[in-house]
Amino acid sequence: MSTQDADYNLLESVVREIGGDDAVKVASLLDPTEETTDEAIAAGAEMKLNAVRKVLYRLYDARLAEFRRIRDKSTGWFIYFWRLKPNRVEELVINRKKTVYRKLKARLDYEQKYHFFNCDQNYCPRYTFDEAMENNFKCPECNGELQAFDNSDIIKNLSKKVKELRKSLEKSGVNIDHIDSGIDINQIVATDKPTAIADSTGNSSNGSK
Ligand SMILES: [Zn+2]
C-alpha cells in the first residue's frame with residue numbers, strides 16, 4: 001500500500017464523518033489545485049445542486065474546502081469556484097495519523113511488556129500473568145486451564161503498522177520521540193482485543209472501499 005493510498009483513506013474517513021457518503025462523493029470531485037463549480041460537481045456526482053451545496057458548506061465549515069466567487073455579468077448571479085484546501089487536508093491527515101500511531105504504539109509497548117494467558121475457549125478473554133496467578137491458572141469464565149498465550153503474531157502486526165506510520169510521520173516532519181515520550185500504557189487492559197484496535201484505525205492494509 002502506498003502512502004498516498006493511506007492518505008486518501010484517511011481523508012475519506014474524515015470527510016465521511018463530516019457528511020456521509022454524499023460528502024465523500026463531492027470531495028472526490030474536488031481538487032486542491034483546480035477549481036470546480038458546484039454545478040459541475042452536481043453533474044459529476046449525479047446529485048441535486050442543493051444537496052451538493054449543503055455538503056460544500058459543511059466542508060467549508062470544517063475548513064476542508066474553500067471557494068472564490070465571481071458575478072456572472074449576463075445573469076447577475078454569483079458563480080462559485082470550489083477547491084479542496086490543501087494545507088488543511090494535510091494537517092487533518094497528519095493529526096489522524098498521530099492519533100492512530102499513539103494508540104498502536106501504546107498497544108505494542110503493552111504487548112511487549114507483559115506475558116499473557118488464556119484457556120482454549122475462543123470466547124474467553126486473555127489474562128495477564130498476575131491475573132492468571134490470582135486465579136490459580138484457572139479461567140474465571142469457564143474454569144478451564146490457563147496456559148501461556150503466544151502474542152508474537154500480534155506484536156509482529158503491530159510493529160509493522162507502527163513502523164509504517166512512524167516513517168510516514170517522520171516524512172511530514174513530525175517529532176516522533178516527542179510522541180513516544182507521552183505514551184502511557186497504564187490505561188490498557190488485557191481483555192481489549194488488540195486486533196480490533198488495529199482494524200479500527202482506518203489504516204488497515206485493505207483500506208476502506
Ligand atoms: Zn475460559
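# Strand pairing and helix packing in a predicted model

Strand β4 (residues 116–118) and β6 run antiparallel and are joined by 3 bridges. Two strands are taken as paired if DSSP finds at least two bridges between them; strands (E, at least two residues) and helices (H or I, at least four) are DSSP runs, numbered from the N terminus. The model is predicted, so that local features need pLDDT of at least 70 and side-chain atom pairs count only at pLDDT 80 or more, whereas totals for chains, interfaces and linings use all residues. Residues are numbered from 1 along each chain as its sequence is written.

**Overall architecture.** The protein contains 8 helices and 6 strands, which follow one another along the sequence as α-β-α-α-β-β-α-β-β-α-β-α-α-α. Of its 209 residues, 23% count as buried, a class requiring 20 or more other C-beta atoms within 10 Å of the residue's own, against 12 or fewer for exposed and values in between for partly exposed. Among contacts (C-beta atoms, placed from the backbone, within 7 Å) with a separation of 6 or more, 63% link residues 24 or more positions apart.

**Strands.** The β4–β6 pairing belongs to an open sheet of 3 strands, ordered β5-β4-β6 with antiparallel pairing. Because β5 (127–128) and β6 (147–149) each have a single partner strand, they stand at the edges, and one side of each is left without a neighbour in the sheet. Elsewhere, β3 (residues 78–84) pairs with β1 (residues 36–37) and also with β2 (residues 65–71). Phe-81 of β3 stands opposite Thr-37 and is likewise the bridge partner of Arg-68. The hairpin of β2 and β3 has 6 residues between the strands, and Gly-76 in this hairpin takes a positive phi near 85 degrees.

| Strand pair | Bridges | Direction | Facing residues |
|---|---|---|---|
| β4 and β6 | 3 bridges | antiparallel | Phe-117 and Ala-148 |
| β1 and β3 | 2 bridges | antiparallel | Thr-37 and Phe-81 |
| β2 and β3 | 7 bridges | antiparallel | Arg-68 and Phe-81 |

**Packing of α2 and α3.** The axes of α2 (residues 38–45) and α3 (residues 49–61) come within 9 Å and cross at roughly 115 degrees. Axes are lines fitted to C-alpha atoms over the stretch in contact, with angles from 0 to 180 degrees between N-to-C directions. The two helices are therefore roughly perpendicular, the class covering 65 to 115 degrees. Their crossing is right-handed, meaning that the near helix is turned clockwise from the far one by less than a right angle, anticlockwise being left-handed. In α2 the contact involves Asp-38, Glu-39, Ile-41, Ala-42 and Ala-45, and in α3 Leu-49, Val-52, Arg-53 and Leu-56. These residues comprise 6 nonpolar, no polar and 3 charged; Asp, Glu, Lys and Arg count as charged, Ala, Val, Leu, Ile, Met, Phe, Trp, Tyr, Cys and Pro as nonpolar, and the others, Gly among them, as polar.

**Packing of α4 and α6.** Helix α4 (residues 86–113) packs against α6 (residues 152–171) at an angle of about 145 degrees, the axes lying 9 Å apart. This crossing is left-handed. Residues of α4 in the contact include Val-100, Tyr-101, Leu-104 and Leu-108, while those of α6 include Ile-155, Leu-158, Val-162 and Leu-165. The contact as a whole divides into 10 nonpolar, 3 polar and 7 charged residues.

**Asp-22.** This residue is found in α1 (residues 3–28). Asp-22 counts as partly exposed because 17 C-beta neighbours lie inside 10 Å. Excluding residues up to four places away in sequence, Asp-22 touches Met-47, Ala-51 and Val-55. Met-47 is 25 residues from Asp-22 along the chain, and their C-alpha atoms are separated by 8.4 Å.

Notes. Parallel < 35°, antiparallel > 145°, perpendicular 65-115°, else oblique. Contact = placed C-beta atoms within 7 Å.
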